[in-house]
Amino acid sequence: MNISEIKLKHPKHWRNSSAIRILAADAVHAAASGHQGMPIGMADVATVLFQNHLKFDAKNPDWADRDRFILSAGHGSMLIYSLLHLTGYEDMTMEEIKNFRQWGAKTAGHPEYGHAKGIETTTGPLGQGISNAVGFAMAEQSLQSRYGKKIVDHYTYVIAGDGCLMEGVSQEAITLAGKQKLNKLIVMWDDNNISIDGEINISDITDQQKRFESAGWSVFAINGHDPHEIDIALTNAKKSTKPSMIACKTTIAVGVEGVENTAGGHGYNIKDPQLAQMRKLYEWPYPKYEIPNDVKDAWLEIGSKGSIARNEWNERFLNLSKSKQADFNRVMNLETPKKLSAAIKRLKKEISENMPKMATRKSSQTALEVINPIMQETIGGSADLTGSNNTITKGMKCFDADNRDGRHVAYGIREHGMAAAMNGMVLHGGVRPYGGTFMCFTDYARPSMRLAALMKIPVVYVYTHDSIGLGEDGPTHQPVEHLAISRATPNTWVFRPADTVETAEAWELAVTTKTTPSVLSLTRQGLRTVRTNHTNKNMVSMGAYVLADAVAKRKVILIASGSEVEIALDAKTQLESEGIGTRVVSMPCMELFAEQDETYRRRVLPAGPVRVGIEAAVQQGWDKWLTGERGKHNKSAFIGMDSFGASAPAEELYLKFGITAEGVIKAAKDLL
């Protein structure tokens, strides 16, 4: 970058972009931590994007048809914080900039969704932002097909770095976007050839431009410091019929003596002498955190220019029918249709009366057959396991480039990319996504599942084949630790329903919440109906409840989830025949049970009787209910797994691992 030439040719641009650079350097210096190199290097790209292309209104940051801007390279968070402050977002004050990375500040070390308007998603774990963006772009196209181009017509812009493109999830996202021909998705790659360890070539030799081209993207290569080239590339990208990647050749920490174009420019390495040197070079004679009036006014004008487009959009929106307006507002606010509750109740009553034997993966599909026609905002999908996960329902068409009103996505074998894209769909608004794979493969999706919980967004994971009950596929596919892993994640509901009734109730909760992701742990093997007495109340919402109480004097409480509930009921029958009063508690969701008040929990799990927990998984997480909550260590036992599984028919596996009614009976008697 020839700074003198840029100053001469583009003086106004230079001053506007310098405001970003100086704010980033000052804030990182004050915090004595952070990453100023990328914001300094990409300031030119960001300035041109916001000034000439991004459709937004800083005073109305939730405008539904705004363009979305995602900083995938979230370590450079001062880039987005500076942009939000300069363009006039009300909650990004200078005080927040001064408190960068401090307790309680909106300016966290990495951008966090919900902290401030304009932060569309939580980034920092590299690769997540660009992968979320695919979901944003898919949601935009889906909503456009439902409400029309006059109401939904916007772009998703992403700034990504080398680290984002090295993460494996980026490959899943890039190829999915190419297949879907998401031409409203534009990625600006910060091609600065630097990572923390040094130059990129010490760890990677990928030709990123060819990589994107081979995945079906349009690719543009520019000088990332030349505002004219940046503007032309963005203009051409918006005309493309494919997703676009703009390779922006930049210099990290440009103009900073000693760290420019080195790994040292990445993180906190700018000290007082360099701050003074930057100000002299940038011709910025202003104190720390002071923005001159001409620059301040220029940026505020950029932040307000979208108000015209927003007002025009409001007029078009008001021309929709009242019902169409109400529906649009409902889906954007994640509101559930009122008639869903009654439909779920009817399904529950039918199941309780007919008592079918059904794998809960099929039960899930049965529930979706009720939900999907009522909630047109659902978009399902599967990681190449549609027939196994049962995620598609009657009348659902495949979402693809030729059919944007389709509501089922063929994600291919991209569990991580699927989970990240679903995060993006929810964050965009207007979509309730769910996606399926085998329970064991939560391992592939974990980073995005964790971020869904952190961001408090209601993604639904349909995870089937949830135990050794899947049988012959063996231990590579049999989850034993995965329930414990999901339950250990804050703000996550893990549902393990025992039959179709519980499955329907779990689904009702999953598509009603606005703040919690849900894991549905579902069986491959058929289960008999255990909820044979219909009740309108959603019992799964209690987390655990008494399914069958003791007839004789209560001496034993059996607590089970999912496929093991029927084992508990069989054990109860035998124990009662011997005069041992036995209560069976179904525990489909530990997290919701923990939220109930002490009085209710005491009624379900009173002191006194011995307790046996039954689940075809590891014990971790169960002690809270066996030895806590008025239980005792010497009066409790667990029947489950303490090793990996094996390849054999399901019935034999349950017998070999001792997860049987006989095993439960013996454990209870031994405790007595």
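Is Asn354 buried or exposed? Asn354 is exposed, with a relative accessible area of 54%, where exposed means over 50%, buried under 20% and partly exposed in between, for a 1.4 Å probe and protein chains only. Asn354 belongs to helix α16 (residues 339–354), helices being DSSP runs of H or I with at least four residues and strands runs of E with at least two, numbered from the N terminus. Between Asn354 and Gly429 there are 75 residues of separation in sequence and 38 Å in space, C-alpha to C-alpha.

The model is predicted, so that local features need pLDDT of at least 70 and side-chain atom pairs count only at pLDDT 80 or more, while totals for chains, interfaces and linings use all residues. Residues are numbered from 1 along each chain as its sequence is written, and side-chain values use heavy atoms, with hydrogens and water left out.

**Pockets**

A pocket is an open set of points on a 1 Å grid over the protein atoms alone, where a 1.4 Å probe fits, with protein on both sides within 12 Å along at least five of seven lines; its lining residues have an atom within 4 Å of a point. Volume is the space filled by probe spheres set on the points, which are joined across faces, edges and corners.

| Pocket | Volume |
|---|---|
| Largest pocket | about 820 Å³ |
| Second largest pocket | about 310 Å³ |

Of the 33 residues lining the largest pocket, Asp62, Arg66, Tyr113, Lys117 and Leu427 are the closest to its centre. Its lining takes at least two residues from each of α14 (307–318), α15 (322–332), α19 (415–428) and α20 (442–455), and by class it has 16 nonpolar, nine polar and eight charged residues. Here Ala, Val, Leu, Ile, Met, Phe, Trp, Tyr, Cys and Pro count as nonpolar, Asp, Glu, Lys and Arg as charged, and the others, Gly among them, as polar.

The second largest pocket has 19 lining residues, with Gly163, Ile194, Ser195, Ile196 and His266 nearest its centre. Helix α8 (162–166) and strand β4 (194–195) each supply at least two residues of this lining, and the largest share, four residues, comes from α8.

**Helix packing**

The axes of α2 (residues 11–31) and α12 (residues 272–282) come within 11 Å and cross at roughly 175°, the axes being lines fitted to C-alpha atoms over the stretch in contact, with angles from 0 to 180 degrees between N-to-C directions. The two helices are therefore roughly antiparallel, a term for angles over 145 degrees.

Methods
Parallel < 35°, antiparallel > 145°, perpendicular 65-115°, else oblique.
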